[in-house]
Amino acid sequence: MAAVTAAAVSLRSSTTTPSCSSKAAAASPSHSHCGFPRTAAAGRRHGLRIRAQAVSTDASAPPEPVKEKKVSKKQEEGVVTNKYRPKEPYVGKCLLNTKITADDAPGETWHMVFATDGEVPYKEGQSIGVVADGLDKNGKPHKLRLYSIASSALGDFGDSKTVSLCVKRLVYTNDQGEVVKGVCSNFLCDLKPGADVNITGPVGKEMLMPKDPNATIIMLATGTGIAPFRSFLWKMFFEKYEDYKFNGLGWLFLGVPTSSSLLYKEEFGKMKAKAPENFRVDYAISREETNAEGQKMYIQTKMAEYKDELWELLKKDNTYVYMCGLKGMEKGIDEIMIPLAAKEGIDWLDYRKQLKKSEQWNVEVY
Ligand SMILES: Cc1cc2nc3c(=O)[nH]c(=O)nc-3n(C[C@H](O)[C@H](O)[C@H](O)COP(=O)(O)OP(=O)(O)OC[C@H]3O[C@@H](n4cnc5c(N)ncnc54)[C@H](O)[C@@H]3O)c2cc1C
Ligand SMILES: NC(=O)c1ccc[n+]([C@@H]2O[C@H](COP(=O)([O-])OP(=O)(O)OC[C@H]3O[C@@H](n4cnc5c(N)ncnc54)[C@H](OP(=O)(O)O)[C@@H]3O)[C@@H](O)[C@H]2O)c1
């Protein structure tokens with residue numbers, strides 16, 4: 001059984017300037033330690049298992065810690081996939097659809113809620129498919145497009161009867177100078193309450209949350225890549241469960257072009273107020289901020305400000321990293337980690353492979 005404790009859907013998040021600037025964040029007591037040991041040595045003192053070790057040829061070196069076997073999330077019970085396919089989709093109803101970026105933002109992003117009557121059972125981190133109305137240029141039904149689910153499994157109304165999405169309207173100018181509108185994103189952003197929507201899925205197991213309520217969950221999002229993390233964070237901070245009480249650290253990095261395109265900022269502010277020791281949020285506003293070298297503030301640039309702390313967290317066996325959004329962010333993040341790991345004689349790319357194998361490095365980029 002679960003209950004929503006603060007299910008106020010806060011949808012106009014972007015009309016003000018960001019509240020959690022890096023300075024404000026650095027001033028926050030939670031930023032100094034967040035209740036977690038800051039170093040591997042401190043971690044050992046606190047009885048945490050540390051996963052990173054430089055490869056040593058010294059026979060007298062202590063043996064590598066034996067890793068506890070975790071149950072793979074891919075085997076997790078109760079995760080439904082592909083209940084609905086394009087030929088027999090679930091027909092949901094749009095309950096609300098709101099633009100959540102300000103009018104002066106570059107591009108529009110909408111938050112929408114669909115009624116499912118509980119017939120599309122999903123877990124945090126899954127996606128659904130949407131088949132837009134109408135036919136393609138060959139007279140065939142449109143192909144489905146995938147969208148990360150932006151609500152927790154309980155849904156925005158806490159009754160497990162809705163599913164929410166966070167969708168960016170795709171509009172671009174092609175090589176011929178014509179303005180082209182993306183089929184499905186425009187269909188979704190234009191949906192009016194009461195309209196039907198063809199839903200497939202749910203799909204995906206890559207982004208399922210760790211079960212450990214004491215885990216450190218590092219969430220890296222660009223733009224609408226925030227969707228699965230809103231879903232995680234509602235479960236972690238707004239809802240009550242008998243078998244899950246989050247008491248670890250959730251650390252969100254969100255990259256957007258302008259402060260007017262920040263997504264769900266008010267909700268994240270409420271979470272921070274509710275659980276200051278357990279939640280950190282850092283925004284990277286690429287077209288308004290730069291680092292000391294004058295480089296554009298991408299998510300990886302913001303992460304670099306905390307690189308030593310992040311590296312220490314990444315050595316813990318119960319730290320889980322999730323990345324969602326633009327493909328380009330992955331490479332930028334590797335670039336920060338490579339020298340950090342190398343300082344300790346660790347090959348980052350090998351290390352990342354190990355993290356991936358133990359489901360501590362989870363990526364859904366596009
Ligand atoms: C697992 C997964 C989860 C996703 N989750 C989300 C989500 O939560 N929210 C979200 O908004 N999107 C999400 N997406 C993206 C989504 O599936 C669609 O791809 C997106 O909405 C565009 O679809 P469309 O039908 O509007 O565009 P389409 O009509 O499919 O047009 C897209 C095509 O237009 C072309 N194109 C696009 N931009 C340009 C450009 N600048 N110049 C030239 N050509 C261009 C490309 O060929 C591209 O393939 C996700 C994708 C995946 C794989
Ligand atoms: N599960 C998934 O796979 C999934 C889920 C949701 C969304 N998506 C995809 O994620 C993308 C998000 O786009 P959006 O339009 O919503 O975002 P957006 O609002 O345009 O924001 C993206 C941010 O990332 C920055 N950025 C650009 N290149 C980058 C790079 N190489 N490294 C780090 N940051 C970079 C952008 O900066 P500048 O623009 O200033 O350069 C901007 O600040 C879309 O392609 C969407 O389809 C995928």
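**Burial, aromatic pairing and ligand surroundings in a predicted model**

Of the 366 residues in the protein chain, 51% are buried (buried means under 20% relative accessible area, exposed over 50% and partly exposed in between, with a 1.4 Å probe and protein chains only). The model is predicted, so local features need pLDDT of at least 70 and side-chain atom pairs count only at pLDDT 80 or more, whereas totals for chains, interfaces and linings use all residues. Residues are numbered from 1 along each chain as its sequence is written, chains are lettered from A and ligands numbered from 1 in the order in which they are written, and side-chain values use heavy atoms, with hydrogens and water left out.

The protein chain contains ten helices and 15 strands (DSSP runs numbered from the N terminus, with helices being H or I of at least four residues and strands E of at least two). Its accessible surface amounts to about 17500 Å², and carbon and sulfur atoms account for 54% of this area (Shrake-Rupley method with a 1.4 Å probe; for residues, only the protein chains shown count as cover). Of the contacts between residues at least 6 apart in sequence, 76% connect residues at least 24 apart (contact means heavy atoms within 4.5 Å).

Aromatic pairs number 17 in the structure (rings of Phe, Tyr and Trp, the last by its six-membered ring, pair if their centres lie within 6.5 Å; planes under 30 degrees apart count as stacked, over 60 as edge-to-face and the rest as tilted). The ring centres of Trp-234 and Phe-238 are 5.2 Å apart and the planes stand at 75°, so this pair is edge-to-face. Both residues belong to helix α5 (residues 227–238), where they are four residues apart, about one turn of the helix. An α-helix has 3.6 residues a turn, so residues three or four places apart point the same way. Trp-234 counts as buried because its relative accessibility is 0%, and Phe-238 is likewise buried, at a relative accessible area of 1%. In the pair formed by Trp-348 and Tyr-351, the ring centres are 6.0 Å apart and the planes lie at 50°, so the arrangement is tilted. These two residues are three apart in helix α10 (residues 348–357), a separation of about one helical turn. Trp-348 is buried, with 1% relative accessible area, and Tyr-351 counts as buried at 3% relative accessibility.

One aromatic cluster is formed by Phe-237, Tyr-241, Tyr-244, Phe-246, Tyr-264, Phe-268 and Phe-279. Within this group, Tyr-244 has Lys-235 over its face, 4.6 Å from the ring centre (a charge sits over a ring if NZ of Lys or CZ of Arg is within 6 Å of the ring centre and within 35 degrees of the ring normal). Arg-280 is placed over the face of Tyr-306, at 5.5 Å from the ring centre. Helix α8 (residues 307–314) is mostly covered, with six of its eight residues buried; these are Glu-309, Leu-310, Trp-311, Glu-312, Leu-313 and Leu-314.

Ligand 1 is surrounded by 17 residues, the closest being Arg-145, Leu-146, Tyr-147, Cys-184 and Ser-185 (a residue is near a molecule or strand if one of its heavy atoms lies within 4 Å of it). An N or O atom in the side chain of Arg-145 lies 2.8 Å from an oxygen atom of ligand 1, and one in the side chain of Ser-185 lies 2.6 Å from an oxygen atom of this ligand. A nitrogen atom of ligand 1 is 2.9 Å from a backbone N or O atom of Cys-166. Alone, ligand 1 exposes 990 Å², of which the protein buries 64%.

Around ligand 2 there are 22 residues, and Lys-168, Thr-224, Ser-286, Arg-287 and Tyr-298 are the closest. The side chain of Ser-148 places an N or O atom 3.1 Å from a nitrogen atom of ligand 2. Backbone N or O atoms lie 2.8 Å from an oxygen atom of ligand 2 in the case of Thr-224 and 3.1 Å from an oxygen atom of the ligand in the case of Pro-257. Ligand 2 has 920 Å² of accessible area on its own, and the protein covers 77% of it.

Thr-109 is located in strand β3 (residues 109–115) and is buried, with a relative accessible area of 4%. Neighbours within four places in sequence aside, the contacts of Thr-109 include Cys-166, Lys-168 and Thr-224. Asn-198 is found in strand β9 (residues 196–203).

Methods: A polar contact is a pair of N or O atoms within 3.5 Å; within protein, one must be able to donate a hydrogen and the other to accept it, and residues adjacent in sequence count only if both atoms are side-chain atoms.
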